[in-house]
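Open the model in your viewer and follow the selections below in order.

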Amino acid sequence: MSDRHQQRQQRLKEQVDARIAAATESRGILMVFTGNGKGKTTAAFGTALRACGHGKGVAAVQFIKGEWPNGERNLLEQHGVEFQVMATGFTWDTQNRETDTLACQKVWQEARRMLADTQLDLVILDEITYMVSMDYLDLDELVNALTQRPAHQSVIITGRGCHRILLDMADTVTEMRPVKHAFDAGIQAQQGIDW
């Protein structure tokens, strides 16, 4: 039994080693975390934490989020991560398309600056998919900024219903699928767990 296990593991190792050897291109990547499940923003900020731990330059723009306390921001700002937040909060709270569009455009200008900054290794565009799907932000403008960013810069886009063009552009796409959620059972969102 242990000989068979060792042979299986050796074959697996050879396959992994071959894939590593074949990966010769070095450049920033575009990642999309989408889907209806929980964890898209959490995954993005987990990556930001990893990048910070390696001394990389990181910045984040949060579309849709309001000004309420944010654990990721509380920690990452202490490590030099710039945050720009669309302070209007959820559009169903404001219910004012003009105000929301202006707020989106204001924070988008900060995002464009970040996407052109050669000092940044990672830029997170949290919940930007909603800005595109709700026509607060022009898709072509976003695509342009993404294609013209510095070659080494990685970008993470989060949010439900990501546009097909962005999915096609992405190097890595992860779809979060809901299986079960505590909120559906009437359990309140919790500080330190949900935000």
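This is a predicted model. Start by selecting Phe63. Leaving aside residues up to four places away in sequence, Phe63 touches Met86, Cys104, Val107, Trp108, Leu125, Asp126, Glu127, Ile128 and Met131.

Phe63 and Leu125 touch the most other members of the largest nonpolar core, which has 33 residues. To see where this core comes from, colour the elements that give two or more residues to it: strand 1 (30-34), strand 2 (58-62), helix 5 (97-115), strand 4 (122-126), helix 6 (128-133), helix 7 (139-147), strand 5 (154-158) and helix 8 (164-169). Helix 5 supplies the largest share, seven residues.

Now move to the second core, which is separate and has 15 residues, among them Met31, Phe45, Ala51 and Ile156.

The structure holds one aromatic pair. The ring centres of Phe45 and Phe83 are 5.6 Å apart and the planes lie at 20°, so the pair counts as stacked, the cut-off for stacking being under 30 degrees. Phe45 sits in helix 2 (residues 40-53) and Phe83 in strand 3 (residues 82-85), 38 residues apart, and the pair thus links distant parts of the chain. Both Phe45 and Phe83 are buried.

The last stop is the second largest pocket, with about 210 Å³ of space. Select its lining: Met31, Thr47, Arg50, Ala51, Lys56, Asp121, Leu122, His152 and Ser154. Colour by residue type, and the lining divides into three nonpolar, three polar and three charged residues. Helix 2 gives the most to this lining, with three residues.

Terms used:
Residues are numbered from 1 along each chain as its sequence is written. This is a predicted model: local features need pLDDT of at least 70, side-chain atom pairs count only at pLDDT 80 or more; totals for chains, interfaces and linings use all residues. Side-chain values use heavy atoms; hydrogens and water are left out. Rings of Phe, Tyr and Trp (its six-membered ring) pair if their centres lie within 6.5 Å; planes under 30 degrees apart count as stacked, over 60 as edge-to-face and the rest as tilted. Helices (H or I, at least four residues) and strands (E, at least two) are DSSP runs, numbered from the N terminus. Buried means under 20% relative accessible area, exposed over 50%, partly exposed in between (1.4 Å probe, protein chains only). A nonpolar core is a set of buried Ala, Val, Leu, Ile, Met, Phe, Trp, Tyr and Cys residues joined through side-chain atoms within 4.5 Å. Contact means heavy atoms within 4.5 Å. On a 1 Å grid over the protein atoms alone, a cavity is a set of points where a 1.4 Å probe fits but cannot get out, and a pocket is an open set with protein on both sides within 12 Å along at least five of seven lines; lining residues have an atom within 4 Å of a point. Grid points are joined across faces, edges and corners, and a volume is the space filled by probe spheres set on the points. Ala, Val, Leu, Ile, Met, Phe, Trp, Tyr, Cys and Pro count as nonpolar, Asp, Glu, Lys and Arg as charged, and the others, Gly among them, as polar.
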